[in-house]
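Student: I'm new to this one. Can you walk me through a few spots?
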Amino acid sequence: MRIALLGGTGDIGQGLALRWAYDTDHEVLVGSRDPDRAREKVEEYLTELDSRGVDANIKGFANEMAADRARVVVLAVPPYHVDDTVSAVADSLSEGDILVSPATGIKRDDDGFHYHRPGAGSVTQIVADAAPDGVHVVGAFHNLAAGRLADLDAELGIDTLVVGDDPDANDIVTRLAEEIQGLRALDAGGIANAAEIEGLTPLLINVAQNNEKMHDLGVRFQ
C-alpha cells in the first residue's frame, strides 16, 4: 500500500515514516508544501534506514502529489493547518481514500499544557468537516510521543486509539498501525469520541515533564 504523510518532514511524520519503512514493505510518500524539503528529509530517512540494513521505499513530493498517489493520507501537520491542508489537497483525493488525523489542539500556560478544544469539538471533526464527499476520516496516533516513535532502538509497547465512522476505513488504519512493531490499535468508537482521546496528549506531556524518567510517555490499556 502507498501511505502519504502530508507534513511528513515534521516530528510525528518522521516517526511514522521511519517505523512504516522499517517494519513494513509499504511505500511511504513524504509530503511537504516545499517538495525540495520533502526530498531532503527523505534522504535523511533513507540514510538512517540504510545504516540499519533496510532498503526502504520512501519518496518525497509536494503534498498534493503525495495525496494523489496514496490511498491512505496522514495529516501529519499542526492542528491549525489541518483545514488548509485538506483544502489544498482536496482535488487530489478520490472517493474511498482515507484521511488520518493525529493532530491535537494544545495550549500552554504557567501551569502546564492543556487541551485546546476547537469549536467543532475536536481536530478530527475539523478534518471530517473539511474532507471531500466520499473520503473517509479516521483519528489515530494522537497520543504517541514523536521522539520515541522516531527512535528505532526504542521498544514501543504502547497503544493508539482509533476513532472513525466507517468500519472498513477503521480496519485499514488499525491494520497499518499494528504493522508497526510494538504498537497496538484499539477501537474507541466514532469521531464523536475524538475529543476525549485528543485530550490525553497534554496530560501525557505534563506527566512526562513533572516526573523523572518519564520522557516520551505512551499509554497501554490493560
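Student: Is Val-207 buried, partly exposed or exposed?

Tutor: Val-207 is partly exposed, at a relative accessible area of 31%. Buried means under 20%, exposed over 50%, and partly exposed in between (1.4 Å probe, protein chains only). This is a predicted model: local features need pLDDT of at least 70, side-chain atom pairs count only at pLDDT 80 or more, and totals for chains, interfaces and linings use all residues. Residues are numbered from 1 along each chain as its sequence is written, and side-chain values use heavy atoms, with hydrogens and water left out.

Student: Where is Val-207 found?

Tutor: In helix H9, residues 200-210. Helices (H or I, at least four residues) and strands (E, at least two) are DSSP runs, numbered from the N terminus.

Student: New topic. Which residues have the most contacts inside the largest nonpolar core?

Tutor: Leu-16, Trp-20, Ile-58 and Phe-141, in a core of 39 residues. Helix H1, residues 11-23, gives the largest share of this core, with six residues. A nonpolar core is a set of buried Ala, Val, Leu, Ile, Met, Phe, Trp, Tyr and Cys residues joined through side-chain atoms within 4.5 Å.

Student: What does a second, separate core include?

Tutor: That core has 22 residues, including Ala-4, Val-82, Val-127 and Val-135.

Student: Back to Phe-141. Where does it lie?

Tutor: Phe-141 sits in the loop between E8 and helix H6 (146-150). Its relative accessibility is 2%, so it counts as buried.

Student: What is Phe-141 in contact with, leaving aside neighbours within four places in sequence?

Tutor: Among them are Ile-12, Leu-16, Trp-20, Val-100 and Leu-161. Contact means heavy atoms within 4.5 Å.

Student: What about the phi of Phe-141?

Tutor: It is positive, about 70°, although Phe-141 is not a glycine. Most residues other than glycine have a negative phi. Asp-216 has a positive phi too, of about 60°, and is not a glycine either.

Student: Where is Asp-216, then?

Tutor: In the segment after H9. Asp-216 has 21% relative accessibility, so it counts as partly exposed.

Student: Last one. How does strand E5 run relative to strand E8, parallel or antiparallel?

Tutor: Parallel: four bridges join E5 (residues 98-101) to E8 (residues 136-139). Two strands pair if DSSP finds at least two bridges between them. Val-100 stands opposite Val-138 in E8.

Student: And which residue in E9 is the bridge partner of Val-138?

Tutor: Gly-164. E8 and E9 (residues 158-164) run antiparallel, joined by two bridges.
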